Amino acid sequence: MNNKEIIAEGQEYVMNTYGRLPIALVEGKGSYVWDADGKRYLDFVAGIAVNALGHCHPAVVEAISEQAHKLIHCSNLYWIEPQVKLAKMLVEHSCFDKAFFCNSGAEANEAAFKLARKYAKAQGYTNRYEVISTANSFHGRTLATLNATGQEKVHHNFEPLLDGFKSVPYNDLAAIEDAISDKTCAIIVEPIQGEGGVIVAHAGYLAGLRHLCDEHDLLLIFDEVQVGCGRTGKLFAYQNSGVKPDVMTLAKALAGGVAIGAMLVNQRADVFVPGEHASTFGGNPLATAAAVAAINQMLVEDIPEGVTLKSEYFICKLQQLVDKYDSLLSVRGQGLLLGLVANKPAGAVVEACQGKGLLINCTAGSVLRFVPPLTVSNDEIDEAVAILDQALQECGF
Ligand SMILES: Cc1ncc(COP(=O)(O)O)c(C=O)c1O
């Protein structure tokens with residue numbers, strides 16, 4: 001089928017929940033993808049921070065193929081070898097002690113919210129159930145995670161909002177302090193807000209949250225669904241600040257492109273007992289074998305270290321565009337999660353880039369977001385910036 005045929009049938013049979021560009025991607029290798037008409041694109045969306053090792057990395061492909069021949073699925077009624085290996089690997093390379101696996105970022109955050117309520121009960125706080133999140137955050141689209149998400153557009157049409165979630169301005173410690181009450185059980189925060197427009201936590205903010213959580217006996221949850229797994233130049237984003245949360249949620253890049261979610265907890269937060277939380281597919285052999293291969297590859301090649309160098313190069317190139325175009329205000333972000341902030345809606349630039357063979361996207365209306373594979377080369381960065389330059393010119397920036 002070509003693009004047109006896939007889109008026509010998609011419009012007829014697939015529910016209308018996404019604003020999609022008019023192409024169907026059918027193949028990928030490294031930093032490139034091809035659509036159903038054979039057109040090639042440089043992919044600086046990478047499944048929105050999923051394809052960290054590039055498309056179809058041989059180590060991940062091999063792990064999936066091998067596991068598919070052995071055992072694709074079995075229940076968590078039994079022990080699962082690759083799941084155990086993945087948990088060990090994540091624990092050994094982080095400040096956490098145990099892992100729970102699920103299938104997506106939203107599910108990982110759901111698990112964290114349940115865990116926070118259970119933690120409070122286990123500590124004897126019978127009335128603590130409220131989670132404080134931040135304005136412009138994004139934590140998912142399930143009913144609980146959309147309530148934790150601090151964006152009205154995500155709530156729209158799904159009111160009334162659930163009791164138990166409160167959101168306050170990001171990077172504002174006093175606002176969190178004011179919001180803490182005798183009902184609070186946890187604070188959830190992204191070390192960098194991705195969907196909210198690529199906003200990095202100020203120095204001292206995360207440390208301040210840690211302090212408040214210790215003072216009030218709350219769980220500190222870092223949502224690293226988008227920023228974890230090497231994207232910020234460390235394996236996990238919390239390692240940049242040195243602030244250790246009690247709980248960290250992961251998904252996206254963890255399994256090199258296969259659906260997975262994870263919640264890591266420290267000893268203090270390891271409070272679930274059998275029967276309290278579960279997932280049929282969570283930690284299944286196929287996904288966890290892919291994740292073991294993906295994380296192993298990241299460690300063997302020291303991909304996070306390369307991210308820091310590439311980030312400096314990319315920021316420098318993007319800054320040249322800011323200097324050139326009046327409608328661009330700044331570059332922000334960390335590692336290979338970068339945003340080009342415009343003073344007007346930037347959706348047209350995304351479409352112009354697509355026409356020229358570059359995939360990027362736009363968050364918060366006017367922030368062009370770049371989340372390329374972490375394996376991207378400087379030549380590919382040059383290629384992307386050249387296309388972006390032409391697109392900005394064409395769109396009157
Ligand atoms: C920070 C963050 N948390 C949670 C989610 C939700 O993840 P998923 O779409 O896998 O449910 C996302 C998705 O973009 C995210 O960026």
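The model is predicted: local features need pLDDT of at least 70, side-chain atom pairs count only at pLDDT 80 or more, and totals for chains, interfaces and linings use all residues. Residues are numbered from 1 along each chain as its sequence is written. Helices (H or I, at least four residues) and strands (E, at least two) are DSSP runs, numbered from the N terminus.

**Open sheet E13-E14-E17-E16**

- Four strands form an open sheet in the order E13-E14-E17-E16, and the pairing is antiparallel. Two strands pair if DSSP finds at least two bridges between them.
- Strand E13 (328-334) and strand E16 (361-363) each have a single partner strand and stand at the edges, so one side of each has no neighbour in the sheet.
- On average, neighbouring strands of this sheet are turned by 30° against each other, direction ignored. Axes are lines fitted to C-alpha atoms, for helices over the stretch in contact, and angles run from 0 to 180 degrees between N-to-C directions.
- Six bridges connect E13 with strand E14 (residues 337-342) in the antiparallel sense. Within this pairing, Gly333 stands opposite Leu338 in E14.
- Helix H12 (residues 303-324) packs on the sheet and touches E13 and E14. The direction of H12 makes about 165° with that of E13. Two residues are in contact if their C-beta atoms, placed from the backbone, lie within 7 Å.

**Leu329 in strand E13**

- Leu329 lies in strand E13. Leu329 counts as partly exposed, with 14 C-beta neighbours inside 10 Å.
- The burial classes are set by counting other C-beta atoms, placed from the backbone, within 10 Å of a residue's own: 20 or more is buried, 12 or fewer is exposed, and in between is partly exposed.
- Leaving out residues up to four places away in sequence, Leu329 touches Val341, Ala342 and Asn343.
- Leu329 and Gln319 are ten residues apart along the chain, and their C-alpha atoms are separated by 9.5 Å.

**Enclosed strand E12**

- Strand E12 (residues 261-265) has five of its five residues buried, so the rest of the structure largely encloses E12.
- In a regular strand the side chains alternate between the two faces of the sheet.
- Both faces of E12 are covered, with Gly261, Met263 and Val265 buried on one side and Ala262 and Leu264 buried on the other.
- Strand E4 (residues 98-102) runs antiparallel to E12 and is joined to E12 by five bridges. Cys102 stands opposite Gly261 in E12.
- Strand E11 (residues 247-250) is also antiparallel to E12, with four bridges joining the two. Thr249 stands opposite Met263 in E12.

**Helix pair H13 and H14**

- Two packed helices are described by the angle between their axes and the distance between the axes.
- The axes of helix H13 (residues 347-355) and helix H14 (residues 378-394) come within 9 Å and cross at roughly 125°. H13 is therefore oblique to H14. Angles under 35 degrees count as roughly parallel, over 145 as roughly antiparallel, 65 to 115 as roughly perpendicular and the rest as oblique.
- H13 passes H14 in a right-handed crossing. A crossing is right-handed if the near helix is turned clockwise from the far one by less than a right angle, and left-handed if anticlockwise.
- H13 contributes Val349, Ala352 and Cys353 to the contact, and H14 contributes Ile387, Leu388, Ala391, Leu392 and Glu394.
- By class, the residues of this contact are seven nonpolar, no polar and one charged. Here Ala, Val, Leu, Ile, Met, Phe, Trp, Tyr, Cys and Pro count as nonpolar, Asp, Glu, Lys and Arg as charged, and the others, Gly among them, as polar.
- Gln354 lies in helix H13, and this residue is buried, with 20 other C-beta atoms within 10 Å.
- Gln354 touches Leu21, Ile23 and Leu359, not counting residues up to four places away in sequence. The C-alpha atoms of Gln354 and Ile387, 33 residues apart along the chain, are separated by 9.4 Å.

**Backbone features in loops**

- The peptide bond from Glu159 to Pro160 is cis, with omega near 5°. Pro160 is in the loop between helix H7 (152-155) and strand E6 (165-168).
- Asn136 is not a glycine but has a positive phi of about 70°. The loop between strand E5 (130-134) and helix H6 (143-148) holds Asn136, which is partly exposed with 19 other C-beta atoms within 10 Å.
- Val198, also not a glycine, has a positive phi of about 55°. Val198 lies in the loop between strand E8 (192-193) and strand E9 (199-200), and counts as buried with 25 C-beta neighbours inside 10 Å.
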